[in-house]
Amino acid sequence: MIITHTQGRGKKIHLHLDGEYQITTDIDFWAENFIKDGTEIDEDEWKDLVDKINYKKAVNKCYDLLSRRDHSVKELRTKLLRTVDEVNADRAIDRMLELGYLNDEHYAEVLLKHLRDEKKMSSSFIKREMRKRGIDSEIVNNLFEENEIDNVSSICELILTKYARKLNQEGGKDKVFAALTRKGFKYSDIKEAFYKVENDEYQQ
């Protein structure tokens, strides 16, 4: 098989075998792994080259995704598998773990603070969200043992801030009850929170 390359848009490099397009890489990779046009390569050499290209693509995708926000291992792997093969996706994830850029325990801590402190979600909602994102149940359980969540206080704050205007509308209380239920709060906790707010028993 004869390998050749053509320059694509920007930094893209298109590789061809016997004149037929096969795969795209970038100019940085090609500078490090350059093969002169017209060189004959065998199946094993081509497979090794493709594996290197896909691994680099997977690593670059990891950097791109993790630069935007933290991910769990499961989230990152799911996104990688949309564009790269399973072997190189797992290799790239192992590299991110090795570098310390990927850590489910840290990710769970950040997610807990975000959902509890900013979104005011219930403990049951947060646990469900963590498991949906593939965080191990042992990590979730340990985290909740170390971080107690006062669901009633969270509801009181939501009533006094986010839902204060809605309460003044017709049927407002029922609408707020429904909204809080969707956040995963139990009926008994919502009822207790309303009692505290309506009787000035809650202090921020």
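**Helix packing and chain shape in a predicted model**

Helix α8 (residues 151-160) packs against helix α11 (residues 187-198) at an angle of about 55 degrees, and their axes lie 9 Å apart. The structure is a predicted model, in which local features need pLDDT of at least 70, side-chain atom pairs count only at pLDDT 80 or more, and totals for chains, interfaces and linings use all residues. Residues are numbered from 1 along each chain as its sequence is written, and side-chain values use heavy atoms, with hydrogens and water left out. Axes are lines fitted to C-alpha atoms, for helices over the stretch in contact, and angles run from 0 to 180 degrees between N-to-C directions. Helices (H or I, at least four residues) and strands (E, at least two) are DSSP runs, numbered from the N terminus.

The two helices α8 and α11 are therefore oblique to each other; angles under 35 degrees count as roughly parallel, over 145 as roughly antiparallel, 65 to 115 as roughly perpendicular and the rest as oblique. From α8, the residues N151, V152, I155, C156, I159 and L160 meet D189, I190, E192, A193, F194, K196 and V197 of α11, where contact means heavy atoms within 4.5 Å. This contact of α8 with α11 comprises nine nonpolar residues, one polar and three charged. In this grouping Ala, Val, Leu, Ile, Met, Phe, Trp, Tyr, Cys and Pro count as nonpolar, Asp, Glu, Lys and Arg as charged, and the others, Gly among them, as polar.

Helix α8 is mostly covered, with seven of its 10 residues buried. Buried means under 20% relative accessible area, exposed over 50%, and partly exposed in between (1.4 Å probe, protein chains only). The buried residues of α8 are N151, V152, S154, I155, C156, L158 and I159, and their cover includes α6, α9 (164-167), α10 (172-182) and α11. Within helix α6 (residues 123-132) lies S123, which counts as buried because its relative accessibility is 18%. Leaving aside residues up to four places away in sequence, S123 touches F144, I149 and N151.

The crossing of α3 and α4 is right-handed. V73, L76, R77 and L80 of α3 make the contact with E86, A89, D90, A92, I93 and L97 of α4. Seven of these residues are nonpolar, none polar and three charged.

Most residues other than glycine have a negative phi. D18, not a glycine, has a positive phi of about 50 degrees; D18 lies in the loop between β2 (12-17) and β3 (20-26) and is exposed, with a relative accessible area of 54%. K120 also has a positive phi, near 55 degrees. K120 sits in the loop between α5 (104-118) and α6 and counts as buried at 17% relative accessibility.

The chain as a whole has 11 helices and four strands. Its radius of gyration is 26 Å, well over the 17 Å that the globule rule gives for 204 residues, so the chain is more spread out than a compact globule. The radius is taken over C-alpha atoms, and the rule is 2.2 Å times the number of residues to the power 0.38. Along the principal axes, the C-alpha atoms fill a box of roughly 85 × 35 × 20 Å. Buried residues account for 39% of the 204 residues.

Technical notes:
Left-handed = near helix turned anticlockwise from the far one by under 90°.
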